[in-house]
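The following paragraphs lead through one protein model, from its overall make-up to selected pairings of side chains. Please keep the sequence and the structure in view while reading.

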Amino acid sequence: MPTVPLAHSRHMWPRNEIPMEDGSMTPEDQEPVTDNDMEFDVNSEENSYSNGSGSSYSADKLSSPLQHKLDLSASPTRNNDINPRVEHLIALFKDLSAGEQMDAFSRLIPESTMANIRQLRAIIEPHFQRDFLSCLPVELGMKILHNLNGYDLMKVAQVSKNWKLMSEIDKIWKSLGDEAFKNHPPPSDRVRGAWEATAVAAGVVIPEHVQPCELNIHRFMKLQKFGDIYDRAPDKSRYLRADKIERNWNSNNIMGSAVLRGHEDHVITCMQIHDDLLVTGSDDNTLKVWCIDKGEVKYTLSGHTGGVWTSQISQCGRFIVSGSTDRTVKVWSTADGSLLHTLQGHTSTVRCMAMAGSILVTGSRDTTLRVWDVETGRHLTTLHGHHAAVRCVQFDGNTVVSGGYDFTVKIWNAHTGRCIRTLTGHNNRVYSLLFESERSIVCSGSLDTSIRVWDFTRPEGDECIALLQGHTSLTSGMQLRGNILVSCNADSHVRVWDIHEGTCVHMLSGHRSAITSLQWFGRNMVATSSDDGTVKLWDIERGLYIRSRALIRDLVTLDSGGNGGCIWRLCSTSTMLACAVGSRNNTEETKVILLDFDSPYP
């Protein structure tokens, strides 16, 4: 049989003329598509499928046979002359058994030229490429896609234009079991005020920060907010945006930053975020309320006569509450920054507080806790029982958990003021607490270097369910999800614990000095700040398996780190990280660095 040169075979045997059966995919239909490849006639009423979200999809486009077919009957030779030798070979081949035919194939292929093998592949391959979704009714195709997760649905959209059309039926995205992608706040502006510049400056390094030219393009895109996909499939657009935000955190260039300057050379002692508000408290006796998106200060809250050491924003966002060394608690309005109430009763520094609804619990160095209603400014009850300063407190609306310098953790009924349980076991001051009310789980960190996990529903004396040992200094922060606890410590290490097993499953090393703050967000990302002047981002899930790859990247590095420059604390939303910067010896100006990880809807 004469061979056909490969260069000429494309003209003699065009692929798009080879007929296919049963909705087989042509090479053209297999081409990956982008969102701009397909036009949607959302106003068409004839032969359309409505998904209930205002978008219509052509039923013809979803289920009709594909336009281009492969012609399997085409001959690879130039003419239809019968070759007796070939006919004889075919007759012999038909007389062979299935096993003998397979043996013949196996021996013939090595004897063929590469050009003939390629041509043979072009004949065989389409038999195994069936576009089953296009062959099925739309309803059955949707049932299949309902079983996929968001990641797989994004891959489906890249297979062909038919599959892309089906993947944009919003009903499929609405049924996804994981709805975390719907929890992001709306796209932000973040192009004005302090955002017009960046935080990159002399002494401040932000690795992988976007360059000015690309930053201007990004700012323009942010002002658009909504892309084409949102009109066709809003939930798909939300998912794609959430995926982009996660990639912005993990690997993409940092798409914007800002510096908020205030409090002069004083220390930022506390910081909270609520929606678009950032509140910072300082030992300069004031609090500042910032508008994050505008990158500017809204109010300066003045009235305390001593340093502010603790603050909270109410869940409703209407109140800011602050505690000070002047022994008072003040309630402020977020609407206009006015002072609503001054709560008096503590006889020493108000060191900690927690809120649930309009009920506030404050802890003081005077050894007591007090319960207040911030709506009315009324004192409800006083909790007596600690024998030294109260350092930390947690509150869920009914139960108060407090830790003190008397080495104990106490559980209180907030309504009656009665101490339900005293948890003993630490042999030094308790500095940090976590309280998960659904499981009655309390985690306490102490100056004795240990972390204890308590279940206060167990019999008295048997409440400690895990003793976590490994840190060598004070635990400054903890966060708990399920059975995984992440703790940061003045020993410069982050440890990941399994509280059910009572073991340390991983230790994250990279900081060179005490870790000051910890934020856990997303599925597995943890950000930490340190006395060494850095902010690091970790993947704790990756670190469980490949320890050397736990560190994702450095987010901020101060040149003064290690010489007094420090990042005191972190606060975050799903799209933004705030870093409170200062120093112990005036080597670094006091400021807040904001990093933007947001994305518009595609």
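Helices (H or I, at least four residues) and strands (E, at least two) are DSSP runs, numbered from the N terminus. The model is a predicted one, in which local features need pLDDT of at least 70 and side-chain atom pairs count only at pLDDT 80 or more, while totals for chains, interfaces and linings use all residues. Residues are numbered from 1 along each chain as its sequence is written, and side-chain values use heavy atoms, with hydrogens and water left out.

The protein has 15 helices and 35 strands. Of its 602 residues, 51% are buried, where buried means under 20% relative accessible area, exposed over 50%, and partly exposed in between (1.4 Å probe, protein chains only).

Phe-105 is placed in helix H5 and counts as partly exposed because its relative accessibility is 42%. Together with Met-102, Ile-109, Leu-120, Ile-124 and Phe-128, Phe-105 makes a nonpolar surface patch of about 610 Å².

A salt bridge is a side-chain nitrogen of Lys or Arg within 4 Å of a carboxyl oxygen of Asp or Glu, and the structure holds 23 of them. In one, the closest N and O atoms of Arg-553 and Glu-208 are 2.9 Å apart. Arg-553 belongs to strand S32 (residues 551–558) and Glu-208 to the loop between strand S3 (204–205) and helix H12 (212–224), so the pair ties together parts that are 345 residues apart in sequence. Arg-553 is buried, at 5% relative accessible area, whereas Glu-208 is partly exposed, at 40%.

Another salt bridge joins Arg-584 and Asp-531, at 2.9 Å from N to O. Arg-584 lies in the loop between strands S34 (576–583) and S35 (591–596), and Asp-531 in the loop between strands S30 (525–530) and S31 (534–539), 53 residues apart. Arg-584 is exposed because its relative accessibility is 57%, while Asp-531, at 15%, is buried.

Notes
Patches are made of residues with over 30% relative accessible area and no salt bridge: like charges are joined within 9 Å, nonpolar side chains (Val, Leu, Ile, Met, Phe, Trp, Tyr) within 5 Å. Accessible areas come from the Shrake-Rupley method with a 1.4 Å probe; for residues, only the protein chains shown count as cover.
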